[in-house]
Amino acid sequence: MSTTGGVKKTKIKKRAKRKTPDLHEIVEKTIALLERDGAVGFRIEDLIAQTGISKSSLYLHFGDRDGLIAVALESAFVRDVRANVDAAIAIFSKVKTKKQMQQAIPTLVDAALNLRNDARWQRVMVLSSARHRQDLSKRISDSQIMFNSALEEIVRDKQQLGVIRNDLDAREIGVLIQAAIFGRIFRDLDPKMKDANLKNWRKVLISLYEFFLA
């Protein structure tokens with residue numbers, strides 16, 4: 001705020017120029033704002049200022065503030081989980097022998113450990129929000145079923161090749177592979193478990209995955 005001749009002038013926050021809404025951009029900007037401020041601190045006004053979309057257009061496409069947040073959280077969750085699952089499937093796809101599987105395990109572990117810090121915590125935020133939003137929970141559940149099925153299929157293929165133990169459920173193995181990401185979050189919560197000691201967690205995961213070998 002400044003004064004000119006005794007008259008106060010209020011600095012007005014510049015808003016992006018109005019334009020036809022790009023829904024992908026809207027969702028991505030919403031994701032960024034949610035990562036910065038959380039669902040409670042998210043403000044429609046900040047999104048409008050960044051994108052130039054009108055409030056009426058937002059409500060037309062997403063229903064309301066909660067609808068927009070639900071779409072953004074689902075999009076972020078699906079995008080990051082799909083990237084993680086695709087990486088695991090790519091690693092499994094190259095494996096034809098038990099020796100190759102053993103050599104691939106460290107790479108499989110690293111794919112989970114190297115996930116971005118904000119992406120790990122974003123999953124926690126999404127799952128927390130979904131607990132009280134039936135629509136969001138349903139969409140996330142549908143996506144997770146798809147991811148679990150994809151991992152189950154690739155694990156079962158390796159079981160048929162005699163690479164992975166047949167007495168273990170393929171779908172459960174796929175779920176455990178994804179669970180390693182949440183293990184990293186639990187480490188983040190413990191001040192005694194520094195990133196410098198991440199090699200210890202990596203060693204534990206490698207030993208666990210080797211237990212799956214036939």
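User: Which residues does arginine 165 touch, not counting residues up to four places away in sequence?
Analyst: This is a predicted model, and the contacts come from its atoms. Contact here means heavy atoms within 4.5 Å. With residues up to four places away in sequence left out, arginine 165 touches Gln159, Phe211, Phe212, Leu213 and Ala214.

User: Where is arginine 165 placed?
Analyst: Helix H7 covers 134–160 and helix H8 covers 170–188. Arginine 165 has its place in the loop between H7 and H8.

User: What residue is joined to arginine 165 by a polar contact of 2.6 Å between side chains?
Analyst: A polar contact is a pair of N or O atoms within 3.5 Å. The side chain of arginine 165 takes part in one of 2.6 Å. The partner in that contact is the side chain of aspartate 167.

User: Is glutamine 159 buried or exposed?
Analyst: Glutamine 159 has its place in helix H7. Its relative accessible area is 8%, and buried means under 20%. Glutamine 159 is therefore buried.

User: What is the relative accessibility of valine 155?
Analyst: Valine 155 lies in helix H7. Not counting residues up to four places away in sequence, valine 155 touches Phe92, Ile164, Ala170 and Ile173. Valine 155 counts as buried because its relative accessibility is 0%.

User: How many Å apart in space are valine 155 and serine 93, C-alpha to C-alpha?
Analyst: In sequence, valine 155 and serine 93 are 62 residues apart. In space, their C-alpha atoms are apart by 9.5 Å.

User: Why is H1 described as roughly perpendicular to H3?
Analyst: Helix H1 spans residues 23–41 and helix H3 spans residues 55–62, and their axes come within 12 Å. Angles of 65 to 115 degrees count as roughly perpendicular. H1 is roughly perpendicular to H3 because the axes cross at roughly 95°.

User: How many nonpolar residues are in the contact of H1 with H3?
Analyst: On the H1 side are Leu23, Ile26 and Val27, and they meet Leu58, His61 and Phe62 in H3. These residues include 1 polar and no charged. The number of nonpolar residues is 5.

User: Are H8 and H9 roughly parallel or roughly antiparallel to each other?
Analyst: The axes of H8 and helix H9, residues 198–210, come within 12 Å and cross at roughly 160°. The crossing is right-handed. Angles over 145 degrees count as roughly antiparallel. H8 and H9 are therefore roughly antiparallel.

User: How many charged residues are in the contact of H8 with H9?
Analyst: Leu176, Ile177, Ala180, Gly183, Arg184 and Arg187 in H8 meet Leu198, Trp201, Leu205, Leu208 and Tyr209 in H9. The contact has 8 nonpolar residues and 1 polar residue. The number of charged residues is 2.

User: How many helices are in the protein chain?
Analyst: From the N terminus on, the elements run β-β-α-α-α-α-α-α-α-α-α. The chain has 2 strands. The number of helices is 9.

Terms used:
Residues are numbered from 1 along each chain as its sequence is written. This is a predicted model: local features need pLDDT of at least 70, side-chain atom pairs count only at pLDDT 80 or more; totals for chains, interfaces and linings use all residues. Side-chain values use heavy atoms; hydrogens and water are left out. Helices (H or I, at least four residues) and strands (E, at least two) are DSSP runs, numbered from the N terminus. A polar contact is a pair of N or O atoms within 3.5 Å; within protein, one must be able to donate a hydrogen and the other to accept it, and residues adjacent in sequence count only if both atoms are side-chain atoms. Axes are lines fitted to C-alpha atoms, for helices over the stretch in contact, and angles run from 0 to 180 degrees between N-to-C directions. Angles under 35 degrees count as roughly parallel, over 145 as roughly antiparallel, 65 to 115 as roughly perpendicular and the rest as oblique. Ala, Val, Leu, Ile, Met, Phe, Trp, Tyr, Cys and Pro count as nonpolar, Asp, Glu, Lys and Arg as charged, and the others, Gly among them, as polar. A crossing is left-handed if the near helix is turned anticlockwise from the far one by less than a right angle, and right-handed if clockwise. Buried means under 20% relative accessible area, exposed over 50%, partly exposed in between (1.4 Å probe, protein chains only).
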